Amino acid sequence: GADTIDISGAGALGAMVRYASSNDGGAQGANTGFDTITGFVSGTDEVGFAAAGISTVFVNQAVGNMVRVQDAAVNFNATHHAMVLTQVGNGVTNAELLDLAVIASKANVHGVTAAATDGGLIVVNGQSQAAVYLYVEQDGTANNVATSELKILGIFDTNALGLAAADLQIV
């Protein structure tokens, strides 16, 4: 965690930022220790999650594009890997990307289905940045995101993360 990664030199072939385990990124329930990624281009670059590591919290570990839902209710129990919240649909500022209470509230407004140990990604696009959060239901209140259940994996310098199908991958 707390790495600064510049992928701006990847060119047309793109680059992948890969998270290998749920220990990557920031501290659980805190806005510290996350990675900062610059140069990300949606539709060209990718964020990957190791099938044998971090993706074990997902309902399906099949390699390929993640099943995601945009600005709508997510089912981490049976269907989806990721909830993607757009800036237009949610009005999140760059500063609010670090406020886990705001992120939990935005996710809960759309709706989350998750039983104990279910989880996935919540990707939130701000004004000019985006954040990727790992969510695992573990506080005993099913179908509700609490700040203690979120960890920031990375902050990216784009506000279009997760909008292209190939942006989020299980590898």
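Modeller: Let's start with Asp-167 and Ser-42, whose side chains are joined by a polar contact of 2.6 Å. A polar contact is a pair of N or O atoms within 3.5 Å; within protein, one must be able to donate a hydrogen and the other to accept it, and residues adjacent in sequence count only if both atoms are side-chain atoms. Before we go on, keep in mind that this is a predicted model: local features need pLDDT of at least 70, side-chain atom pairs count only at pLDDT 80 or more, and totals for chains, interfaces and linings use all residues. Residues are numbered from 1 along each chain as its sequence is written, and side-chain values use heavy atoms, with hydrogens and water left out.

Where is Asp-167? You'll find Asp-167 in the loop between S12 and S13. The S labels are strands (E, at least two residues) and the H labels are helices (H or I, at least four), both DSSP runs numbered from the N terminus. Asp-167 is buried but has no salt bridge. Buried means under 20% relative accessible area, exposed over 50%, and partly exposed in between (1.4 Å probe, protein chains only). A salt bridge needs a side-chain nitrogen of Lys or Arg within 4 Å of a carboxyl oxygen of Asp or Glu. For Asp-167, the nearest side chain of opposite charge is Arg-68, 6.7 Å away; here Lys and Arg count as positive, Asp and Glu as negative, and His and the chain ends are not counted. Leaving aside neighbours within four places in sequence, Asp-167 has contacts (heavy atoms within 4.5 Å) with several residues, including Phe-40, Ser-42, Asp-45 and Leu-161.

A polar atom of the Asp-35 side chain lies 3.2 Å from the backbone nitrogen of Ala-2. Again leaving out neighbours within four places in sequence, Asp-35 is in contact with residues such as Gly-1, Tyr-19 and Ile-155.

Searching the whole structure turns up three aromatic pairs. Rings of Phe, Tyr and Trp (its six-membered ring) pair if their centres lie within 6.5 Å; planes under 30 degrees apart count as stacked, over 60 as edge-to-face and the rest as tilted. Tyr-19 and Phe-49 are stacked, because their ring centres are 5.7 Å apart and their planes sit at 15 degrees. Since Tyr-19 belongs to strand S2 (residues 16–19) and Phe-49 to strand S4 (residues 46–49), this pair ties together parts 30 residues apart in sequence.

Phe-40 sits in the loop between strand S3 (35–38) and S4, while Phe-156 is in strand S12 (residues 150–156), so the pair links parts of the chain 116 residues apart. Phe-40 and Phe-156 are both buried.

Now zoom out to the nonpolar cores. A core is a set of buried Ala, Val, Leu, Ile, Met, Phe, Trp, Tyr and Cys residues joined through side-chain atoms within 4.5 Å. The largest has 24 residues, and Phe-49, Leu-121 and Phe-156 have the most contacts inside it. Among the strands giving this core at least two residues each are S2, S4, S10 (119–125) and S13 (168–170). S11 provides the largest share, four residues. Another core, of 23 residues, lies apart from it and includes Phe-76, Ala-104, Ala-114 and Ile-155.

Ala-104 takes us to helix H2 (residues 100–110), where Leu-100, Val-102, Ile-103, Ala-104 and Ala-107 are buried. These buried residues pack against S8, S9, S10, S11 and S12. At the start of H2, a side-chain oxygen of Asp-99 comes within 3.1 Å of the backbone nitrogen of Ala-101. After H2 comes Gly-111, with a positive phi near 110 degrees.
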